[in-house]
Amino acid sequence: MKNDQEYIYITLHIIVLWTHIYIVFQKDLPVYYKPWMDIARNMPELISSHSLRLRIHNMPLLETHLLRTHHELRLAHLALSIMTMGYVWQEGERETVKVLPQSLSVPFCEVSQRLGLPPILIHADTVLANWKKKNLDGPFSMENLELLLTLPGGESVRGFFLVTLLVELAAVPGLKAILDVINGIHYNDVAMVTKALDVVSQAIDSMKQALKLMHEYVDPSIFYGIMRIYLSGWKDNPSMPEGLVYEGVQEKPMEFSGGSAAQSSILHCFDELLGVQHEGSTGAFLRRMRDYMPPSHKHFIENISSHPSLRSFVLQQADEGLTHTFEQCVARLVDFRNYHINIVTRYITIPASRAKQLRANNQGLPEELDAIRRAPTALEERGTGGSGIITFLKTVRDKTKDTSISKCTNGNQVLPDPSMTEIQKAASELTIE
Ligand code: HEM
């Protein structure tokens with residue numbers, strides 16, 4: 001039966017998609033790859049002593065065929081991508097490189113090709129493939145998780161990647177419920193769809209609760225002044241207008257966007273489910289980000305959109321409970337995106353405007369403000385190749401609002417977020433009189 005086949009197909013995709021979170025990730029590579037791991041495990045030290053580039057020039061060119069399992073390949077991609085970001089940005093935005101040496105570029109491109117991923121650091125590296133539990137039987141909590149590999153920025157790097165992982169984990173029940181929504185529509189089962197949508201709505205709310213931890217674990221001046229450059233790519237980046245030559249792979253420079261949670265599949269899945277339509281340059285950017293996801297994630301998202309529309313089903317059924325639950329999902333997605341805008345304001349917009357002021361001031365500054373002053377200017381207020389970050393994020397948020405069946409229903413009212421006060425407080429703390 002067609003439906004059974006579909007069910008199996010979707011179940012398989014969910015398993016492929018989320019097993020990488022539930023199982024303990026590979027912690028080491030075969031001993032042959034020790035030269036990579038010795039460098040990748042010491043990135044902050046090698047960067048601060050300005051010796052990373054030299055170490056990479058002396059690194060042997062290793063074969064990649066000894067990497068056999070998916071997990072080994074993912075850990076290799078993480079290690080090679082972290083080394084690449086460190087190599088390119090070791091001296092900041094002014095002394096970038098034009099060529100990635102072949103000891104790095106050749107294995108990186110081979111591993112990337114086998115995984116169907118781009119040869120640059122992506123969300124699926126730093127967040128999805130970069131954690132282990134301290135106590136295997138313990139919970140997925142900040143206290144019980146640690147990173148496999150890190151970048152300059154100390155505890156804030158740990159906080160940034162692990163809080164994002166907790167947001168992903170909070171989404172998992174909602175992703176599983178997508179299956180029930182699709183099958184409920186197929187069977188015309190309003191109760192099944194309503195129940196599954198309730199799970200989706202709760203999952204989105206849990207994601208917001210997890211996102212709040214960012215304030216506790218990530219320092220805005222460290223994020224903006226130290227960490228952000230290592231996540232930057234070489235597409236639409238004025239510091240590297242020609243892109244990057246991957247030596248031994250091809251002579252023409254290549255361009256890739258940097259790492260961003262826009263490459264996470266979770267909101268793409270919920271958007272497709274609820275029927276959020278992103279258009280124009282905003283939609284084009286988000287669609288392009290799917291090329292920075294593991295192929296199984298991308299296929300899963302496409303699979304959701306290939307099924308009959310949930311929104312049409314809700315309209316057609318005109319069932320009060322179903323409509324209310326659908327509206328609540330949309331409202332919570334808008335709420336999550338509003339909260340994310342607040343986070344971006346605190347971690348990028350405010351430090352960016354402080355950086356401008358501080359550069360005009362040559363006096364000695366406390367370490368924290370000095371980090372902001374020295375932050376890369378090319379990244380100020382930019383994120384998405386052209387339009388300002390906040391404009392972009394508000395467009396995405398507004399398109400989510402437009403999905404509401406009745407914009408007047410109470411369920412879609414987004415209350416003012418208490419975190420705004422926190423952000424205003426942060427802004428005033430950064431102000432120098
Ligand atoms: C300090 C924390 C964070 C900062 C500073 C931040 C910053 C940004 C920026 C600048 C963008 C614009 C696109 C780009 O430049 O790549 C963006 C997009 C996005 N971010 Fe974040 N982000 C943070 C945390 C998170 C977390 C934890 C998630 C959850 C998985 C997330 C999900 C997204 C999504 C889905 C987009 C695409 C726009 C959308 O669908 O609403 N971000 N973020």
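Q: Is Ser103 buried or exposed?
A: The general idea is to count neighbours: a residue is buried if 20 or more other C-beta atoms lie within 10 Å of its own, exposed if 12 or fewer, and partly exposed in between, with C-beta atoms placed from the backbone. Ser103 has 20 C-beta neighbours inside 10 Å and therefore counts as buried. Please keep in mind that this is a predicted model, in which local features need pLDDT of at least 70 and side-chain atom pairs count only at pLDDT 80 or more, while totals for chains, interfaces and linings use all residues. Residues are numbered from 1 along each chain as its sequence is written.

Q: Where is Ser103 found, and which residues does Ser103 touch?
A: Helices (H or I, at least four residues) and strands (E, at least two) are DSSP runs, numbered from the N terminus, and Ser103 belongs to helix α6. Two residues are in contact if their C-beta atoms, placed from the backbone, lie within 7 Å; setting aside residues up to four places away in sequence, Ser103 touches Ile56, Met59, Pro60 and Leu61.

Q: Why does Pro107 count as buried?
A: Pro107, which is also found in helix α6, counts as buried because it has 24 C-beta neighbours inside 10 Å. When neighbours within four places in sequence are left aside, the contacts of Pro107 are Leu62, Thr64 and Leu80. From C-alpha to C-alpha, Pro107 and Pro294 are 18 Å apart in space, although 187 residues apart in sequence.

Q: At what angle do the axes of α5 and α6 cross?
A: Axes are lines fitted to C-alpha atoms, for helices over the stretch in contact, and angles run from 0 to 180 degrees between N-to-C directions. Here the axes of α5 (residues 70-89) and α6 (residues 102-115) come within 10 Å and cross at roughly 140 degrees. Angles under 35 degrees count as roughly parallel, over 145 as roughly antiparallel, 65 to 115 as roughly perpendicular and the rest as oblique, and α5 and α6 are therefore oblique to each other. Among the residues of α5 that meet α6 are Leu73, His77 and Leu80, and those on the α6 side include Leu104, Pro107 and Val111. The residues of this contact of α5 with α6 divide into 10 nonpolar, three polar and two charged, where Ala, Val, Leu, Ile, Met, Phe, Trp, Tyr, Cys and Pro count as nonpolar, Asp, Glu, Lys and Arg as charged, and the others, Gly among them, as polar.

Q: How do α8 and α12 cross?
A: The axes of α8 and α12 come within 10 Å and cross at roughly 30 degrees, which means that α8 is roughly parallel to α12. In this contact, residues of α8 including Glu168, Gly174 and Ile178 meet Ile266, Cys269, Phe270 and Leu273 in α12.

Q: What covers the buried residues of α9?
A: The cover includes α8 (155-186), α10 (213-217), α12 (265-274), α15 (310-317) and α16 (320-359), and the buried residues of α9 include Val193, Leu197, Ile204 and Lys208.

Q: How many helices and strands are there in the chain?
A: The chain has 19 helices and four strands, and 43% of its 433 residues count as buried. Of the contacts in the chain with a separation of 6 or more, 81% are between residues 24 or more positions apart.
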